[in-house]
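Work through the exercises below with the sequence and the model open. Each task is followed by a solution in steps.

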Amino acid sequence: MANKTYNQYCAIANALDIVGERWTLLVVRNLLAGSKRFSDLQKGLPGISTNVLTDRLKKLEANDTIASRYLPAPAASNVYELTPTGYELVSALGALARWGAMTLGEPTDDQHIVPESIIFMILGMFWGKGNESISLTCNLQVDSAHYSEIFAITLSEGQVMIAQQPHSEPDITFTTPLHTLLQLSSQQLRMQDAIKTTLLTVSGEQSVVNSIVAWVDSTAN
């Protein structure tokens, strides 16, 4: 059977030929959190079948969007990661996320919430806001009825790194409900306004808090 294609001389159609199938962009989203084994990807994509994930990875690798490599012992497994071409999708994913957030309300009982989606939201607060003068560590606690976890954020030389293992002594600690994080990520809510209305609580040295709030709010509405 021939591959499905729009067969149009159009950049949008060409992009959709590569990443437009169901699950594909979520695979890319999850790899933004770092290299992952097949089993890790499957865990972070509830509902995807083994065959479908295998197919999506094969196609993404054929189009140089992702690459696979072997990790020696003790890991002794193959992992998948984004290529430079794959990372070019970040701005497109950010735009889709902001658009989707406009109609995404509070989470419901039947919706899956995976750590990769939270990491994506946290990254969204900092995209396009490089600030090489800020170097600090933060813990961000998502505290909601449907999801509760603490994420570690490291800001260094304009880079943002996120992990699920909290910092033992962070410079700043944030606590917020999941939906507020979504609004901050999609630039529907300014961080300073979230703090004023106590949707976001923060502890740390005030001058450091002020610097990160100014950074996050630099392109917010």
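**Exercise 1: the surroundings and faces of a helix**

The cover over the buried residues of α4 includes α1 (11–19), α2 (24–31), α3 (38–43), β1 (66–71) and β2 (77–82). Helices (H or I, at least four residues) and strands (E, at least two) are DSSP runs, numbered from the N terminus. The model is predicted: local features need pLDDT of at least 70, side-chain atom pairs count only at pLDDT 80 or more, and totals for chains, interfaces and linings use all residues. Residues are numbered from 1 along each chain as its sequence is written, and side-chain values use heavy atoms, with hydrogens and water left out.

Task: determine the span of α4, its buried residues and its exposed face.

Step 1. Helix α4 runs over residues 50–62, has 13 residues and reaches 18 Å from its first C-alpha to its last. That is close to the 18 Å expected at 1.5 Å a residue, where the expected span is 1.5 Å times one less than the number of residues.

Step 2. Leu-53, Arg-56, Leu-57 and Leu-60 are the buried residues of α4. They lie on the same side of α4 because they cover an arc of only 95 degrees around the axis, taken from the directions from the helix axis to the C-beta atoms. Buried means under 20% relative accessible area, exposed over 50%, partly exposed in between (1.4 Å probe, protein chains only).

Step 3. An α-helix has 3.6 residues a turn, so residues three or four places apart point the same way.

Step 4. On the face turned away from the buried side, α4 carries the exposed residues Asn-51, Lys-58 and Ala-62.

**Exercise 2: after the helix**

Task: describe what follows α4 and find the contacts of Thr-65.

Step 1. Asp-64 follows α4 and has a positive phi, near 60 degrees.

Step 2. Thr-65 is in the loop between α4 and β1. With a relative accessible area of 5%, Thr-65 is buried.

Step 3. Not counting residues up to four places away in sequence, Thr-65 touches Ile-18, Val-28, Leu-60, Leu-82, Thr-83, Gly-86 and Leu-89. Contact means heavy atoms within 4.5 Å.

**Exercise 3: a strand residue**

Task: is Val-142 buried or exposed, and which residues is Val-142 in contact with?

Step 1. Val-142 belongs to strand β3 (residues 136–143). Its relative accessible area is 0%, so Val-142 is buried.

Step 2. Leaving aside neighbours within four places in sequence, Val-142 is in contact with Ile-118, Tyr-147, Ser-148, Glu-149, Phe-151, Thr-176, Leu-178 and Leu-181.
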